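Please have the sequence and the structure at hand while reading.

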Amino acid sequence: MLPVKQPFMEVECYRSYIDDLYSSDMEKCLEAIVCLKNSVIGSNRQKSSVLSQGVVPRLMQLLGDCSVPVEMKTEATVTLGSLAKGTDHHVQSLIDLGIVPLLLNGITSNDQKYTEATLRCLSTIFQSPGAPVSLIFMDSIIVPCLLNLTTQSVTCQVCVPSILAAACKTPDQQAFLIHEGAVPVLAQLLCSTQSLVQMHALTCLASLCYQNPTVAERVAQARCLEIQEPCFVDKSMPDLLFMLMAQDRPSEMQLAAARCITFLHRAGAFTAEDPKILYRTLPCLVRLCKKDRPPLQRAQAAETLAYLTEVDIELQRTASISNHLILTLSELLKYQPRIGSKTPMITVEQEIKISTEMRQAAFRAFASLGANDEDIRKKIIETDNLMEHIVSGLQDHSPKVRLSAIRCLHSLSRSVQQLRTTFQRSFCSKDHSVWRPLMTLLQGASDDILTVASSTLCNLLLEFSPSKEPILESGAVDMLCGLTRRKDPALRLNGIWALMNMAFQAEQKIKSQILNTLGTDQMFRLLSDTEVDVLMKTLGLLRNLLSTKSHIDYIMNLHGNQIMQAVVLILEGNHSAEVKEQALCILANIGDGDTAKEFIMSNEDVLKKLQDYMAHSNVKLQVAAIFCISNLVWREETGAIERQARLKEMGVYKQLQQLIMTTDTLLFDKVKTAMTQFSEA
């Protein structure tokens, strides 16, 4: 009977001290809180039971009552802190009950034990994604009070940076912390003799300077004034970080310091050529990716390395040849969760999380390394089973892994050589075809994934890519035309860019499908887009649609008036020379058609515009206009004599005679070609 009796006895015990929580006898109430605290320590089941019985509001009531002894408030706060160390659901329950504002009131207490208990509880709760961390900025006295507490005890020195790191998420919040003196406080904490204090200070410092040039500059200039460790005497903050990356420091501290230096570099505090980057941070991160390090540490090092090298080609090249990095990163993709039939569920979840973090970090690092250099991309792609890992990553349950995998694919797809070799083998493979999961990702994806995935699709739709045909068959035209209607400029750009690549040297049926699906109304909207890149790619799409004589004539026969109207709209608009050059090139393509020429020859306004641009001060515009004239008067084509006569009558030939004296070689060649067609007609 014991297995049945035991739970019953526990319930009776609960009832006893839970009833005492509501007693007006302060001693009984305190004893009940202590019993409650002891019962929930280390047991998520007990935490769930306590939360379900509605005990937390009573503890909150005690915290908010000024007449309650501070000892009781301390025990109540410790109990709440223990509950906060349970599952995500437990923490969210506390947050939903409004525990954070009450705890923030407790940091102003004169009782150190109560203050420390409050800070520990806040620090735990603030690790939750749902925590209302911005509340510390709502009252102007909270942040100064927190910073002042760092002089009180080691517990305060650990908890305060932890709280500030979790709360520091926006440029305004970073600026507020700077204004209140966070940098000198963190500088002092970095000089602590307690490694745990240094670790939390590093984490806070990283949050403080992330993507904030103003803060990064202040941090780079900060110095430690009150020294606890002699080796830190008269050192700047970057020097302190440099020293904390030394190999005799704990590896987690090396990583935290390397993250700070990385964020300072990316925020402009110092260049990629700085010795702190080349000779300490980069080698440190590469070393921490190795197999002898803890799995999560390896993942964090790889992710930090990805951010460090993301935009600098020389750092990418240096990293790629450092300590077998590419092979090391590939091992992250092969990590297998250590799960057995008897593995506790919480351990299973942790192992799956570790595997997820390692895969997404590896993909992101590969994406950064291969962003610019063809040789690096080749090394990455030649890694064993990489394409299989990418295909698997594109279908992963984790959005972070899917996004990193697509970034990796996007980076590698920039390679013309790889599109023609490795990617072709992948597209021919039934088991590891990249385009299938990519197209699936594009259906209903978040904007983050959609932006990178559609950008990747732009590369895969290049004329020489083997993916073009199967992607078209999977409904890509409808999807891409839909992207051109999105509010996000990046999505509009990727949609029209992919359509432009799709139309390049495409069959007539594909071009017609693009035009019919996109529609002339949407074409006009895109030609009026405020984003210049969208406008340029739309003009590029028109150029690609209007190539090959038979295609030009067919499309102009169906949409000629609308296309001519669009071109005139650009030529008459307030646009840059680059934009107008594209419009003139479209006219040149139209002039290359057999019947399409008449759309230009019958439009006196367009012919006069061509003459105006022949006399333009911009040589590129002159060249484009004369190229169009050449196509119109080409002597071997039907009706050339009549067109030449018409243009001579308008004075075009005289303009060419005047331009033949130009010193610009390209313009000279175009003028000479056009005049040759006239003279031999």
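Is the crossing of α13 and α16 left-handed or right-handed? The crossing of α13 and α16 is left-handed, a term used if the near helix is turned anticlockwise from the far one by less than a right angle, with clockwise giving right-handed.

The model is predicted, so that local features need pLDDT of at least 70 and side-chain atom pairs count only at pLDDT 80 or more, while totals for chains, interfaces and linings use all residues. Residues are numbered from 1 along each chain as its sequence is written, and side-chain values use heavy atoms, with hydrogens and water left out.

**Helix packing**

Helices are DSSP runs (H or I, at least four residues), numbered from the N terminus. Axes are lines fitted to C-alpha atoms over the stretch in contact, and angles run from 0 to 180 degrees between N-to-C directions.

| Helix pair | Angle between axes | Distance between axes |
|---|---|---|
| α11 (171–179) and α13 (195–209) | about 120 degrees | 9 Å |
| α13 and α16 (251–266) | about 20 degrees | 9 Å |
| α35 and α38 (604–614) | roughly 35 degrees | within 12 Å |

The angle of about 20 degrees between α13 and α16 makes α13 roughly parallel to α16, where angles under 35 degrees count as roughly parallel, over 145 as roughly antiparallel, 65 to 115 as roughly perpendicular and the rest as oblique. In contact (heavy atoms within 4.5 Å), Ser-195, Gln-198, Met-199, Leu-202, Leu-205, Ala-206 and Cys-209 of α13 meet Glu-252, Met-253, Ala-256, Ala-257, Cys-260, Phe-263 and Leu-264 of α16. This contact has 11 nonpolar, 2 polar and 1 charged residues, with Ala, Val, Leu, Ile, Met, Phe, Trp, Tyr, Cys and Pro taken as nonpolar, Asp, Glu, Lys and Arg as charged, and the others, Gly among them, as polar.

Helix α13 also packs with α11, at an angle of about 120 degrees, which makes α11 oblique to α13. Gln-174, Leu-177 and Ile-178 of α11 make this contact with Ser-207, Leu-208 and Cys-209 of α13, and its residues divide into 4 nonpolar, 2 polar and no charged.

Helix α35 passes α38 in a left-handed crossing, in which Met-564, Val-568, Leu-571 and Glu-572 of α35 meet Asp-605, Val-606, Lys-609 and Tyr-613 of α38. The contact of α35 with α38 comprises 5 nonpolar, no polar and 3 charged residues.

**Pocket and cavity**

On a 1 Å grid over the protein atoms alone, a cavity is a set of points where a 1.4 Å probe fits but cannot get out, a pocket is an open set with protein on both sides within 12 Å along at least five of seven lines, and lining residues have an atom within 4 Å of a point. Grid points are joined across faces, edges and corners, and a volume is the space filled by probe spheres set on the points.

The largest pocket holds about 2400 Å³ of space. Its lining has 47 residues, of which Gln-127, Thr-203, Arg-259, Gln-300 and Lys-353 lie nearest its centre. Among the helices that each supply at least two lining residues of this pocket are α11, α13 and α16.

The largest cavity has a volume of about 60 Å³, and its lining includes Leu-515, Met-523 and Ile-563.
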